[in-house]
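Thanks for coming. I will take one chain and go through it part by part.

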Amino acid sequence: AYERRFPTCPLIPMFVASDTVNEYKSEDEAIHVIERRCKLDIDAPRLLKKIAGVDYVYFVQKNSLNRRERTLHIEAYNETFSNRVIINEHCCYTVHPDNEDWTCFEQSASLDIKSFFGFESTVEKIAMKQYTSNIKKGKEIIEYYLKQLEEEGITFVPRWTPPVACKLESSTSHTRRPVSPAINIPDSATKEGLNNKEILNTSSSTSEPTAGTPDDKLDADYIKRYLGDLTPMQESCLIRLRQWLQETHKGKIPKDEHILRFLRARDFNIDKAREILCQSLTWRKQHQVDYILDTWNPPQVLQDYYAGGWHHHDKDGRPLYVLRLGQMDTKGLVRALGEEALLRYVLSINEEGLRRCEENTKVFGRPISSWTCLVDLEGLNMRHLWRPGVKALLRIIEVVEANYPETLGRLLILRAPRVFPVLWTLVSPFIDDNTRKKFLIYAGNDYQGPGGLLDYIDKEIIPDFLGGECMCEVPEGGLVPKSLYRTAEELENEDIKLWTETIYQSASVFKGAPHEVLIQIVDASSVITWDFDVCKGDIVFNIFHSKRAPQPPKKDSLGAHSITSPGGNNVQLIDKVWQLGRDYSMVESPLICKEGESVQGSHVTRWPGFYILQWKFHSMPACATTNLPRVDDVLASLQVSSHKCKVMYYTEVIGSEDFRGSMTSLESSHSGFSQLSAATTSSSQSHSSSMISR
């Protein structure tokens, strides 16, 4: 009856849709675990949805049915805004201990609001309202489906009984070592369900001792089904890197397939793979890439003139992306949209590619972790070598190489003209060696001969413009009308708007040159909130108060007040002649923040005046360097030797009547997104919990 809720339930209007992410069935059919990604239309104010930038909220739900034990465990957690709000829910259907014909139902949930753009109290009320509504309606829904089953003549489901082979094997193997009567189902609150723990199969594990514990070995069937062939060394690297993330990274843990891509990109060198993976996680958060498919709609110019699109799959089951580059007016697109819009569109294509790989993995029953790209260069000319267009292409290649490694399975370049070698000379140095090995280049009609397109793509799906019979819905491109071009000033402003829709700002911190932000407070009851990531180096975060305004920074000075760098700005406000305790005071204890940490917090102002948020370079004491933990050793080796740190931050001032979040300020939550730190304390998470409003 419970399974009839899916893929959507008419009795729960906010439950819009769901997709199966992972599914596992044991050989004896006693265990059935299914993980779904659920799309919810939360009943929230339109203004709050607009500020948050989402229309729908996504949850991941894992249902574990154990027919042997007669239990159904349901675990759910939020995927959307998981770095700001943590919601965990657990439900359990069990047999009553005194009457096996009765079913017991238990339900519990936890809510931890770290920060939410100043709307912590509103989010808390919405969550409590939704949860209360679910509890009241839960029994009504299950009774509705039970009645539906009765109307269909299903009033009894026979109990599960073990297959004869399992009974015999259990009895013969019992003398060798004790075996639990139930298959071990992972109960840890992992983000990836079956991806992060092994499922022990009773029938196979009883015949011979298992090597190691569930944490240091993956299930062979799981590897074959979702990851592909791995040597013991490669499997060990995956587990070690994943375990390191679980210990240090408080945000969403990437899936095994994603971690594996970064390991393969660095030939399973854990230190190198860790570095690029952590940098990519920071980048994804800064630009909100996880939500790009749900929140960003490409401009109409791109939809009309970008000559690319998805087209079935190749012979290996990889999603196939077709790009008619020769028919595309790259100069016109850059002149009409700017570099940033093109980059964002390519990112959305890559995110869609990842999604299609997961779908094809389920469809073909084997791991599909990359896609094939078919590039038709018919029509390529010198217009495509326009340097601003090449510059945009090089930047796109750089971003994609850094954040989507090992996603390109094969690149088929067809009908390469004489001008192609010039373009190739410009771009090839920016392409990874492993990626270049996947390029197959055909001049003229060579793709139609032996070793050509038919070796990689079924005849039935070869696009019509390449002589095939399949109608390809990829736009034909064409010249972008000059009436759609924008001026250089408009493009510059648009670029800033497009790429800084993220609420974060970047700043550089140098040894002897902290970055400072001034906030003027008129009402003493105001609350200052902040959310920042330490992208590079270690810093000390301070908050000061002064009754008098500091002198504005001199923009023409590179010394005492203002430094501009490609990685972000640097502003100093506290005058060197000011004395602490006389001209300004410290209102919070300094907080040392390690590289990779994400910090959210708030401060209730006691006095009006001027508050200064300061990010200051932190030097590691010399005596401590010999006692670094293992993870810190890794982080220290990754850091650049220059005395420079980088942070991205967001600050906001709100009235205390609108704020019901944590008032413990700097004792706020930490989660790693870059070079993750092992120094993240286990106690820090609890301090950011939202207090109950009365």
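First, the ground rules. This is a predicted model, in which local features need pLDDT of at least 70 and side-chain atom pairs count only at pLDDT 80 or more, while totals for chains, interfaces and linings use all residues. Residues are numbered from 1 along each chain as its sequence is written, and side-chain values use heavy atoms, with hydrogens and water left out.

Now the chain as a whole. Its secondary structure comes to 17 helices and 23 strands. Helices here are DSSP runs of H or I with at least four residues, strands are runs of E with at least two, and both are numbered from the N terminus. Of the 694 residues in the chain, 52% are buried. Buried means under 20% relative accessible area, exposed means over 50%, and partly exposed is in between, with a 1.4 Å probe and protein chains only. A contact means heavy atoms within 4.5 Å. Among contacts between residues at least 6 apart in sequence, 75% join residues at least 24 apart.

Next, two helices. Helix α5, residues 220-227, packs against helix α7, residues 256-265, at an angle of about 75°, and the axes are 11 Å apart. The axes are lines fitted to C-alpha atoms, for helices over the stretch in contact, and angles run from 0 to 180 degrees between N-to-C directions. Angles under 35 degrees count as roughly parallel, over 145 as roughly antiparallel, 65 to 115 as roughly perpendicular, and the rest as oblique. So α5 and α7 are roughly perpendicular to each other. Which residues meet? From α5 there are Tyr222, Tyr226 and Leu227, and from α7 there are Asp256, Glu257, Leu260 and Arg264. Nine of the ten residues of α7 are buried, including Phe262 and Leu263. Just after α7, aspartate 267 has a positive phi of about 50°.

On to the rings. Rings of Phe, Tyr and Trp (its six-membered ring) pair if their centres lie within 6.5 Å; planes under 30 degrees apart are stacked, over 60 edge-to-face, and the rest tilted. That rule gives 18 aromatic pairs. Phenylalanine 541 and tryptophan 615 have ring centres 5.3 Å apart and planes at 40°, so this pair is tilted. It links strand β15, residues 539-546, which holds phenylalanine 541, to strand β21, residues 609-617, which holds tryptophan 615. Both phenylalanine 541 and tryptophan 615 are buried. Phenylalanine 544 and tyrosine 584 form an edge-to-face pair, 5.2 Å centre to centre with 80° between the planes. Phenylalanine 544 is in β15 and tyrosine 584 is in the loop between β17 and β18, 40 residues apart. Ring pairs also link Tyr2, Phe6, Phe15, Tyr93 and Phe105 into a cluster.

Now the cysteines. How many disulfides are there? The count is zero, where a disulfide is a pair of cysteine sulfur atoms within 2.5 Å. For cysteine 104, the closest cysteine sulfur is in cysteine 92, 9.0 Å away, which is too far for a bond. Cysteine 104 is partly exposed at 22% relative accessibility, whereas cysteine 237 is buried at 4%.

Last, the glycine. Glycine 468 sits in the loop between β11 (439-443) and α16 (488-499). Leaving aside neighbours within four places in sequence, glycine 468 is in contact with Ile462 and Pro463. From glycine 468 to aspartate 458, ten residues apart in sequence, the C-alpha to C-alpha distance is 10.0 Å. I will stop there.
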